Amino acid sequence: ADKVNGFMLCGLATTHSGEHFAYPKAVFDDMVRELGPYAFTVNATGYRKLIESMRRMAASRLRVAQYLLNREKWDFFMNVTMTADQAQHFFWSFHDPSHPLHGTSRAGDYAAVISDAYVHADTLLGEVLKHVTPDDYLIVVSDHGFTGLYKRFSLSKWLVDQGYLTLDKAAYRMSGGQIVQTLKRLLPRGLKQFLTRYLVRRKSPNAGLFPGLRHIVWDRTLAWGHKRIDCNALFLNRDLLRDEAALNALKEKIMAGLKAVKDPATGEPVVEDVVDGAKRYEASDMLAPDLVLVPSPHYELTFELRNLGEPAFVEADVHWTGRHHPEGILIVNGPGIRSGLTLKTSSVADVAPTVYYGLDAEPPPGLEGSIIREAFKPDFLSANPPKAAAGGGASTASKEALSGVELEAVNRQLRDLGYL
């Protein structure tokens, strides 16, 4: 693969070890000497310390953006801000009066955390705009939006109850932490919130265990679920489903069953959509799920493979009250862009092809998505036809495997942020 002719600094899920998180490392070292330590992600206990950590990370990324923008004249500059994402995960109930947990005694203390995060994003955008010329393209994009999280639904328990998943006896034992969580659900809301804030989760606002697969009895399991950072994934046991017809029949049966699941308290469907993985992922992707589950608004699917004697529906934890929503934002400005237009259809996968088009660069083979042609004036597209990718097939970029220690460090970050 070609070397990066520029500078790259990683963020979320960075292991902070070795030479892998920055390239070239010498630029990062120069930056740290001038600016001080770089905050890769938030790392704190409790709401107030979490806010302080978020502000440190936001300030750090703003300083880095200013430093890099002033250091070089860039052909392409990209900056990712995570502050709004983390603020909405942890503080949505304080922001949204319609959330079931909004009426807490401390709601007023944290009501402005989310809006403050967007002020930071605006400040960062303002710094970038100082360097944008009329010949430059500016794209503001979020890969998702947000909504409130009210309840969690245990997909693993549903799979067990339907006979698709078989677990060993250890999966039904309760750990000390799970016993505390069960007691909390039986206590009045005020006392429960006190326990959650002050007695439980002292290590992290969203501590959790990686949903390992060691409890699965594989020769008696047809399907199991796993929460990936990009989707809610369901896999079928192809060792037991060697016939393609049987595989497709089980897919259809599970899809119909999940779409029929209703919240007994509200009658609302829990799963909004179930997508066949074959329609979303390349056939050559060995890690592609067989089914991708899209939860209904205000619900989250969980995949814990322990303590399955608990109810399938559990109300949201007070520390994690916002969840991703598919609809994000996209703003495009630059040469040939139509003004005052609301884009009707676009995907986050279309951003990269549009960037290549704006750079008048040849896209790499296998790049997903399409140029957002709707955003451009027709005469501009005619005068500037896009370049086709040379060759074909999948990308040939090398993929270095993480060591076991690095992989565990990545998983620890994702668990603490609620993605696993």
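## An exposed loop residue

T345 counts as exposed, at 63% relative accessibility. You'll find T345 in the loop between strand 13 and helix 10. Here's something to look for on screen: T345 and E374 are 29 residues apart in sequence, yet 8.6 Å separates them in space, C-alpha to C-alpha. Keep in mind as you look around that this is a predicted model.

## The chain as a whole

Let's zoom out. The protein chain has 12 helices and 13 strands. Of its 420 residues, 42% count as buried. The accessible surface of the chain comes to about 23100 Å², and carbon and sulfur atoms own 54% of that.

How much of the contact list comes from residues 24 or more positions apart? Among contacts in the chain with a separation of 6 or more, such pairs account for 70%.

What about disulfides? A search of the whole structure finds zero of them. As for individual cysteines, C10 is partly exposed, with a relative accessible area of 29%, while C231 is buried, at 8%.

P24 sits in the loop between strand 2 and helix 1.

Helix 1 itself runs over residues 25-35, and its buried residues are V27, F28 and M31. These three cover an arc of only 100° around the axis, so they end up on the same side of helix 1. What lies over them? The cover includes strand 1 (8-9), strand 2 (22-23) and helix 2 (47-71). Just after helix 1, G36 takes a positive phi of about 95°.

F28 turns up again in another grouping: ring pairs link F21, F28, Y38 and F40 into a cluster.

In soluble globular proteins, nonpolar side chains tend to be buried together. In this model, the largest nonpolar core has 38 residues, and W158, L234 and I254 have the most contacts inside it. Quite a few elements each supply at least two residues of this core, including helix 5 (155-161), strand 6 (223-227), strand 7 (232-236) and helix 8 (244-259). Helix 8 gives the largest share, five residues.

Leaving aside residues up to four places away in sequence, L234 touches L155, L159, A223, W224, G225, I254, P289, D290, L291 and L293. There is also a second, separate core of 21 residues, which includes I51, W92, Y110 and I114.

## Aromatic rings

A pair of aromatic rings is described by the distance of the centres and the angle of the planes. How many aromatic pairs does a search of the whole structure find? The count is 22.

One of them joins Y47 and F94: this pair is edge-to-face, with 5.4 Å centre to centre and 85° between the planes. Y47 lies in helix 2 and F94 in helix 3 (residues 83-95), so the pair ties together parts that are 47 residues apart in sequence. Are these two residues buried or exposed? Y47 is buried, with a relative accessible area of 6%, and F94 is buried as well, at 2%.

For another arrangement, check out F376 and F380, which form a stacked pair: 6.0 Å centre to centre and 15° between the planes. F376 is buried, with a relative accessible area of 2%.

Just after helix 10 comes D360, located in the loop between helix 10 and helix 11. D360 has a positive phi of about 55° although it is not a glycine. H298 is another non-glycine residue with a positive phi, near 80°. H298 belongs to the loop between strand 9 and strand 10, and it is partly exposed, with a relative accessible area of 23%.

Definitions and conventions: Residues are numbered from 1 along each chain as its sequence is written. Side-chain values use heavy atoms; hydrogens and water are left out. A disulfide is a pair of cysteine sulfur atoms within 2.5 Å. Buried means under 20% relative accessible area, exposed over 50%, partly exposed in between (1.4 Å probe, protein chains only). Helices (H or I, at least four residues) and strands (E, at least two) are DSSP runs, numbered from the N terminus. Contact means heavy atoms within 4.5 Å. Accessible areas come from the Shrake-Rupley method with a 1.4 Å probe; for residues, only the protein chains shown count as cover. The arc is that of the directions from the helix axis to the C-beta atoms. A nonpolar core is a set of buried Ala, Val, Leu, Ile, Met, Phe, Trp, Tyr and Cys residues joined through side-chain atoms within 4.5 Å. Rings of Phe, Tyr and Trp (its six-membered ring) pair if their centres lie within 6.5 Å; planes under 30 degrees apart count as stacked, over 60 as edge-to-face and the rest as tilted.
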